[in-house]
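This report walks through a set of protein chains, one topic at a time. Keep the sequence and the structure open as you read.

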Amino acid sequence: MTQTLAAQINSVLAALILLTAFGLLMQRRIYGLLHLFAWQGVFLSISTAVVGYTAGLHHLYISAILTLALKVFALPYILYVLIHKLNIKKDVEEMVNIPTTMLMGIALVIFSYHLTAPVRELSTLVTKSTLAVALATVMLGLLMMITRKKAVTQIIGFLALENGLFFAATSATYGMPLVVELGVALDILIAAFIFGIFFFQIRTTFDSLELKEMEKLKEED
Amino acid sequence: MIYSISIECLQIAFVLGAAPLFVGWVRMLKCWAHGRASAGLLQPYRDIYKLFYKDVTIARNASWIFRAAPYITFGACVLAGGIIPVISTDLPLSLSADVIALVAVFAIARFFTALAGMDAGTAFGGMGSSREMMVASLAEPAMLMSVFTISLVAGSTTLSQMVHVSLSSPLVLRPSLAFALLAFALVAIAETGRIPVDNPATHLELTMIHEAMVLEYSGRHLALIEWAGEMKLFLFASLGVALFFPWGMAGVYNPLMLPVAFVSLAAKLAAIGAAIVLVETRLAKMRIFHVPEFLGIAFILATLGMLSFFMLE
Amino acid sequence: MLILILLGINLVAAAVLAATGDKRYAPEVNILGSAATFVASIFLAVQVYYEGQIIAGREFFFVDEFNVYLAVLTTFVSMTTAIFSRRYMRHEQERGRVGKVAMRFYHAMFQVFIFAMLLALLTNNAGVLWISMELATLATVLLVSLYGTPSSVEAAWKYFILCGVGIALALFGTVLLYFAAEKVLGEGSAALQWTNLASVSNRLEPTVLSLAFVFFMVGYGTKVGLVPLHNWLPDAHAEGPTPISAVLSGLLLNIALYALVRCKALVDGATGNGKAGQIMMAFGITSLLFSAFSLLRQKDIKRMFSYSSIEHMGIATFAFGLGGAVATFGGLLHMLVHSLTKSSIFFTVGHASQMHGTQEMSKIRGLIRGNPLVGWGLMLGVAAIAGMPPFGLFTSEFLILTATIKSAPYLAPLFLLGLAVAFAALLRKVMPMVFGPAPESQGSLHPAHTPVIVHMVIVLILGLYLPVFLSQWLHAAVRLLR
């Protein structure tokens, strides 16, 4: 595989990751969200492996496998089981309507493009141009967490944000040191268990997973 | 010069002649897919022929617009057939009118059809016109965005130049083009009134869009409108081919390539027809309220294509 | 080796408590574990005091004057909190607010939390620092919702989500930092080590580091609870069990600020223009003013003191942003005395609300009559936190004010305004609770007095005079941060 071809494949994967991030923003159905999230993980994992292959960095294979195991199988499976057990309504609603959310998303993409401009100029790596996409994915995950009002969708937004971070790590720097990556993966796994417990807690105390019920803690005047 | 003018004429004649054939092919495949016996490839020709021999009935209160609209629409489509490189890039018209003009030509056609729909003063005509304009107002920005993405890659808005660039440059994986293609496909579905946006075969009051507008037409007027509609489908398909898969098209002063161009175009259009049938058989027509969302997605895709051109290429 | 023992004690204690946390002797085990870490950290501190910086475990850990003083503080406050929690949690159990599983979970997570904070302090790796900050958050999330009431679940969810997002942005900052460092130091863990980064900070790419600092500021700033990123803090600190509020307010905020200050020192080294300091000053002064005015409208006693924590973190952030020897010294001292005072206040507040069965300030009355220790403890604690002499916070705030007048005089009025408003608000709210006759509804209880007394005495001593070893220590830390 030549450098240019790898760069091309990588940018296609970056585009796909961005596309799935947008897909997550507009998907209404909860299982659809899970599938999109899993696909994002697949693209992320392939991209990590490609970067690892071209740069000859073998620790990236480990993180690719880690991504595949965690983001494509484990987390969607945990969420699936939770959704199934909690018998959550199949539809998700959003606070802002979809076209507006999309436009906000596009604005965020442009914003992150500008923000990463200085870094892009400095980078000599094959993957340099994907940093903007990574930051955009982070921002879109943030946007998803703001616009959605169900606990499960917020969590998926959070995980998508984490995907963006991971992608940033591979695209900007060929991956963080392995110690850090393992630690981050561990943290995410713990977080997954915690939100699992949370779903049950929220469910038993509020009788639903709608976060709009949770508006008690405000500054009262 | 003579050569290119003759090519231009050849292409317009080809578009006029082949458009019903393409529609016939799509209908035939669809019949097969549904397990019905088809009326054959040539049925659209027979329909047009039949309509030309029928009398024209015009509502008493219809104005000149109603009478002129079929000719304007038809003319616009013929003009578009001269702009889009279908078999060759060597088109004088294509050099004088770029892709923005092309979108405008289609807009003129639609504008007059919509006016004519309202002109007769029936309820369905007005409803169809308003729906058509809603779809159009959403489809056009997405269409322009998607085409601009390709213009960015090619560095020109002239269609023949764009085709020329993609013919002469080596094959590169470009995410921007993939996004643009997806967006273009979605827009083309909306523009040509296919499922899932509109159903060309229905005359059900509540669901039709395009058919509601032209409900009042008869005789040769209807023939022209039908023909123009078939040309529009054909042209959008060949525009897609020209923008995204131009390989095999004849270049400048290259008459020997023409037979190859015809064959490759036929093959590509046959494949596109099959794809249309596949999509239309699998999907149901969506509710009109979901159309803005559908076209919103097209717009997002096109914008993403443009952004990824800047970000990734 | 000492560091491994220090960190290992917590983990062992956590494992033991996970199995036995609901037994009668569990609180004593908890205290024992915390006390052992405290002793270990004292040994570590003595070693640093005599030998200077230590780098251990294949450069994985490093200890200098800056982090070891925070480590000692952390272990000390966690020990006193464990002592306080013995009586407090026993009372909660008697009231039936927590079950056996919850007790096991509480004790184990308390130790994990301390472990995460110590790891964050002692690690040499900016990435590991991030991981342990996240671990500390995760360990406490479910402690906030321990009671399982709707408002506590809501607070915990807010805490989880907002801090999760915040800290995710800090990870992006870490990625950018690594990106810049890798060019100078090469790939691998070496490029994320504070010791290496500090020595090459002037060769790091300034544009990238400025961008990274924005993310660090937003990310770790969320954890510090700086306005406008503070939304989760009053909820999370008010709704959990009081010992957790005490360590969250007293310790975790410090650790987050520690991370931010480390990053700031690096960025300053790279850019050399002090922009990072200005950003921190802006955040600090905003937090001070906003929370001072927010104090006025609080009704819940724990919420009020959470806002007070935001205020003091604002002051410390402001001080570090200001830079210079005096301000930095003041900031370091402020972190120390604020932790001690705030945790002591939370101890008394916890008992006060247990006596009245509510956290509403309008229902808490006559504390001195009801229980002199709780009443006087709260009164003196508030006097200290409001910055009255002769307590330690007066000294640190005075130092910071002096530095402000010297290097940023236009901000001094704002700084004073914030302090004055906070002072007035705190005393206005606390006076009626402390003095006056005790209401009928007031219950009696056996409070944990040792932690309160010890904390207040230390704060008083620090206000009257600074021991030589401590001032030398802080001066060394100041030198590290310049």
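## One residue to begin with

In which helix is the place of Ile189(B)? Ile189(B) sits in helix α8 (residues 175-191) of chain B. Helices here are DSSP runs of H or I with at least four residues, strands are E runs of at least two, and both are numbered from the N terminus. Ile189(B) counts as buried because it has 23 C-beta neighbours inside 10 Å. The cut-offs are these: 20 or more other C-beta atoms within 10 Å of a residue's own make it buried, 12 or fewer make it exposed, and anything in between is partly exposed, with C-beta atoms placed from the backbone.

Leaving out residues up to four places away in sequence, Ile189(B) touches Arg194(B) and Val197(B). A contact means that the C-beta atoms of two residues, placed from the backbone, lie within 7 Å. Ile189(B) and Phe236(B) are 47 residues apart in sequence, and their C-alpha atoms are 9.1 Å apart in space.

## About the model

This is a predicted model: local features need pLDDT of at least 70 and side-chain atom pairs count only at pLDDT 80 or more, while totals for chains, interfaces and linings use all residues. Residues are numbered from 1 along each chain as its sequence is written, and chains are lettered from A and ligands numbered from 1 in the order in which they are written.

## Chain A

Chain A has eight helices and zero strands. Of its 221 residues, 51% are buried. Take the contacts in chain A between residues at least 6 apart in sequence: 73% of them join residues at least 24 apart.

The axes of α4(A) and α6(A) come within 8 Å and cross at roughly 145 degrees. Such axes are lines fitted to C-alpha atoms, for helices over the stretch in contact, and angles run from 0 to 180 degrees between N-to-C directions. The crossing of α4(A) and α6(A) is right-handed. A crossing is right-handed if the near helix is turned clockwise from the far one by less than a right angle, and left-handed if anticlockwise. Residues of α4(A), including Met104(A) and Leu108(A), meet residues of α6(A), including Leu135(A) and Met139(A). This contact has 11 nonpolar, four polar and no charged residues. Ala, Val, Leu, Ile, Met, Phe, Trp, Tyr, Cys and Pro count as nonpolar, Asp, Glu, Lys and Arg as charged, and the others, Gly among them, as polar.

## How the chains meet

Which chains share the most contacts? Of the two pairs of chains in contact, it is chains A and C. Here 38 residues of chain A are in contact with 39 residues of chain C. Helix α8(A) gives the most to the side of chain A that touches chain C, with 14 residues. That side divides into 27 nonpolar, five polar and six charged residues.

Chain A also meets chain B: 20 residues of chain A are in contact with 16 of chain B. Nine residues, the largest share of the side of chain A that touches chain B, come from α1(A). By class, that side has 16 nonpolar, four polar and no charged residues. No contact joins chains B and C, and their closest C-alpha atoms lie 18 Å apart.

## Helices across the A and C boundary

The axes of α8(A) (residues 178-206) and α6(C) come within 10 Å and cross at roughly 150 degrees. The two helices are therefore roughly antiparallel to each other. Angles over 145 degrees count as roughly antiparallel, under 35 as roughly parallel, 65 to 115 as roughly perpendicular and the rest as oblique. The crossing of α8(A) and α6(C) is left-handed. Phe198(A) and Ile202(A) are among the residues of α8(A) that take part, and Trp157(C) and Phe160(C) are among those of α6(C). This contact has nine nonpolar, three polar and no charged residues.

## The nonpolar core

The largest nonpolar core has 352 residues. A nonpolar core is a set of buried Ala, Val, Leu, Ile, Met, Phe, Trp, Tyr and Cys residues joined through C-beta atoms within 7 Å. Helix α6(C) (residues 150-185) gives the most to this core, with 24 residues. Leu176(C) is among the residues with the most contacts inside the core. Leaving aside neighbours within four places in sequence, Leu176(C) is in contact with Val119(A), Val208(C), Leu211(C), Ala212(C) and Phe215(C).
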